[in-house]
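My entries follow in the order I made them.

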Amino acid sequence: MRGEAITTIVTIAVIGGTATFMLLRESRGRAIYLDHCAGCHGVYLEGAPNWQERLPDGRWPAPPHDATGHTFHHPDELLFTIVRDGPQAVLGPTYRTDMPAFAGILSDEEIRSVLAYIKSTLPAELREYQDLMTRPPAARLLQP
Ligand code: HEC
């Protein structure tokens, strides 16, 4: 009986602690987003106007990070790499882009916080989809 009570208390503490950690991380992430990302990707994550048309210099405008964009199609580690090392890390060194690499500007933890914030704004079904994309391919195949 006493053991069960302790287990319950520990479980509640762990769940509460995790939820608090996630909320703090998301609110830190929001502040970082507003400081470092909103200028291009929009305060409401809406992206640049006409983001699906190339700019006169051939580069792409900043896409939205909301449900209308494609950010949520990418697994966690790919998003992390794009933000830390820039799109060239994924698309090759000759790729020309206005998206900066944030290595040396934001810490890894700050990058994870800003991505946690972006994810927290997505509707539940898109968050689930993005979680699925983050799983290894074999686990994805097991999905109904
Ligand atoms: C100077 C403008 C600018 C800033 C500041 C900026 N971005 Fe970007 N971002 C872009 C552009 C432009 C692209 C499109 C990349 C390309 O050329 O294909 C992009 C692409 C991305 C992508 C890839 C989206 C996808 O669906 O492939 C992610 C993720 C991203 N940005 C996150 C961020 C985050 C997080 C921040 C802030 C820490 C940030 N960006 C700051 C301009 C910017």
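**Helix packing**

I began with a crossing: H3 passes H5 in a right-handed crossing. A crossing is called right-handed if the near helix is turned clockwise from the far one by less than a right angle, and left-handed if anticlockwise. I note that this is a predicted model, in which local features need pLDDT of at least 70 and side-chain atom pairs count only at pLDDT 80 or more, while totals for chains, interfaces and linings use all residues. Residues are numbered from 1 along each chain as its sequence is written. Helices are DSSP runs of H or I with at least four residues, strands are runs of E with at least two, and both are numbered from the N terminus.

I then looked up the geometry of this pair. H3 and helix H5 (residues 108-120) pack at an angle of about 125°, and their axes are 10 Å apart. Axes are lines fitted to C-alpha atoms, for helices over the stretch in contact, and angles run from 0 to 180 degrees between N-to-C directions. The angle makes H3 oblique to H5. The cut-offs are under 35 degrees for roughly parallel, over 145 for roughly antiparallel, 65 to 115 for roughly perpendicular, and oblique for the rest.

For the residues involved, I found Leu79, Phe80, Val83 and Arg84 on the H3 side, meeting Asp108, Ile111, Arg112 and Leu115 of H5. Sorted by class, this contact of H3 with H5 has 5 nonpolar, no polar and 3 charged residues. Nonpolar covers Ala, Val, Leu, Ile, Met, Phe, Trp, Tyr, Cys and Pro; charged covers Asp, Glu, Lys and Arg; the others, Gly among them, are polar.

Next I took the other partner of H5 on my list. The axes of helix H1 (residues 2-36) and H5 come within 7 Å and cross at roughly 100°. H1 and H5 are therefore roughly perpendicular to each other. From H1, the residues Arg25, Glu26, Arg28, Gly29, Arg30, Ile32 and Tyr33 meet Glu110, Ser113, Val114, Ala116, Tyr117 and Ser120 of H5. The classes in the contact of H1 with H5 are 5 nonpolar, 3 polar and 5 charged.

**Glu26**

I followed one residue of that contact. Glu26 lies in helix H1. It counts as partly exposed, with 18 C-beta neighbours inside 10 Å. By definition, a residue is buried with 20 or more other C-beta atoms within 10 Å of its own, exposed with 12 or fewer, and partly exposed in between, C-beta atoms being placed from the backbone. Leaving aside neighbours within four places in sequence, Glu26 is in contact with Ala116, Tyr117 and Ser120. Contact means that the C-beta atoms of two residues, placed from the backbone, lie within 7 Å.

**The loop between H2 and H3**

Is Leu45 buried or exposed? I found 21 C-beta neighbours inside 10 Å, so Leu45 counts as buried. Leu45 has its place in the loop between H2 and H3, and its phi is near 60°, a positive value in a residue other than glycine. Most residues other than glycine have a negative phi. Not counting residues up to four places away in sequence, Leu45 touches Pro64, His65, Asp66, Ile118 and Thr121.

Asn50 is also found in the loop between H2 and H3. It has a positive phi of about 50° although it is not a glycine. I counted Asn50 as exposed, with 9 C-beta neighbours inside 10 Å.

Val43 is in the loop between H2 and H3 too. It is exposed, with 10 other C-beta atoms within 10 Å. Neighbours within four places in sequence aside, Val43 is in contact with Leu34 and Ala38.

**Gly86**

Gly86 sits in the loop between H3 and helix H4 (88-91). It is partly exposed, with 18 other C-beta atoms within 10 Å. I find that Gly86 touches Met99, Pro100 and Ala101, not counting residues up to four places away in sequence.

**Ligand shell**

Last, which residues come nearest to the ligand? Of the 23 residues around the ligand, they are Cys37, Cys40, Ala62, Thr97 and Met99. A residue is near a molecule or strand if its C-beta atom, placed from the backbone, lies within 6 Å of it. Helix H2 (38-41) and helix H3 (76-85) each supply at least two residues of this shell. By class, the shell divides into 14 nonpolar, 7 polar and 2 charged residues.
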